[in-house]
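Reader: Before we look at the model together, could you show me how a single residue's surroundings are to be read?

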Amino acid sequence: MADGELLWARNADAIRPPASLAKLMTALVLLAHDWDPDATIITSRTAAGIEGSRLGLRAGERLRAGDAFTALLVRSANDACVALAEHMAGSLAAFAALMNARAAAMGLQESHFVHPCGLDAPGQGSSARDLLQVAAEAMQLSEVARAVALTDAVVTTLDGRRLFMHTGNHLLGRTRGVEGIKSGYTGKAGKCLIALAHRDGHAVWLVMLNAPERWFTAQGMIDAAFARVADREGRGE
């Protein structure tokens with residue numbers, strides 16, 4: 001999508017596992033419910049033992065909610081995600097219910113969330129069109145826009161441990177104009193990506209689900225979208 005116009009789409013409404021792209025809906029829910037970045041988050045055993053991408057939190061370890069939020073979006077840290085969801089809603093199931101309530105309020109037709117981190121789960125799915133809407137709404141929030149633009153960050157837990165993280169978005173710092181926003185992977189979802197780039201006053205969004213050649217294809221499509229916009233502009237359209 002370039003400047004709000006859909007340029008290319010394939011199966012945009014097909015329901016697929018969203019992988020960690022679901023964390024954008026998690027971020028929307030967190031920020032909408034009495035968000036306090038200075039609140040103390042305590043890592044449960046469930047959070048510390050979660051599979052997939054992690055920050056490396058230990059059971060009982062404490063950190064600021066704002067730091068856990070940064071880890072959620074920069075490192076795509078499932079341990080930080082679970083800790084935040086449990087802190088806010090009491091359980092992952094209760095948090096997923098809030099995600100689905102937000103999806104319904106947004107009018108999303110193809111989305112149902114089961115796990116706040118986007119781990120594969122029966123009944124969980126979304127579409128490229130729905131996820132684009134989630135991403136666009138998330139990027140209106142300064143907390144999200146700031147975090148997804150970071151290539152690196154450091155979190156110091158309240159217990160004094162320094163934890164370093166690097167983004168999983170390989171377009172950041174490599175593809176001109178890219179400002180985020182989220183990558184993801186699970187066995188069922190495959191390689192997924194939502195990207196936003198700005199060049200010369202124009203904006204390009206890209207959503208890819210189950211894309212084997214994710215980074216190569218994404219860079220090519222972003223460049224092609226900007227080239228198409230520039231060509232139209234040159235013709236005065």
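Reader: Which residues does Ser 111 touch, not counting residues up to four places away in sequence?

Author: A contact means heavy atoms within 4.5 Å, and on that basis Ser 111 touches Gly 125, Ser 126, Ser 127 and Asp 130, leaving aside residues up to four places away in sequence. This is a predicted model, in which local features need pLDDT of at least 70, side-chain atom pairs count only at pLDDT 80 or more, and totals for chains, interfaces and linings use all residues. Residues are numbered from 1 along each chain as its sequence is written, and side-chain values use heavy atoms, with hydrogens and water left out.

Reader: With which side chains does the side chain of Ser 111 make a polar contact?

Author: A polar contact is a pair of N or O atoms within 3.5 Å; within protein, one must be able to donate a hydrogen and the other to accept it, and residues adjacent in sequence count only if both atoms are side-chain atoms. The side chain of Ser 111 has such a contact with that of Ser 126 at 2.6 Å, and another with that of Asp 130 at 2.8 Å.

Reader: Is Ser 111 buried or exposed?

Author: Buried means under 20% relative accessible area, exposed over 50%, and partly exposed in between (1.4 Å probe, protein chains only). Ser 111 counts as buried because its relative accessibility is 15%.

Reader: How many disulfides does a search of the whole structure find?

Author: A disulfide is a covalent bond between the sulfur atoms of two cysteines, and the search criterion is a pair of cysteine sulfur atoms within 2.5 Å. The search of the whole structure finds 0 disulfides; Cys 81 is buried at 0% relative accessible area, and Cys 117 is buried at 1%.
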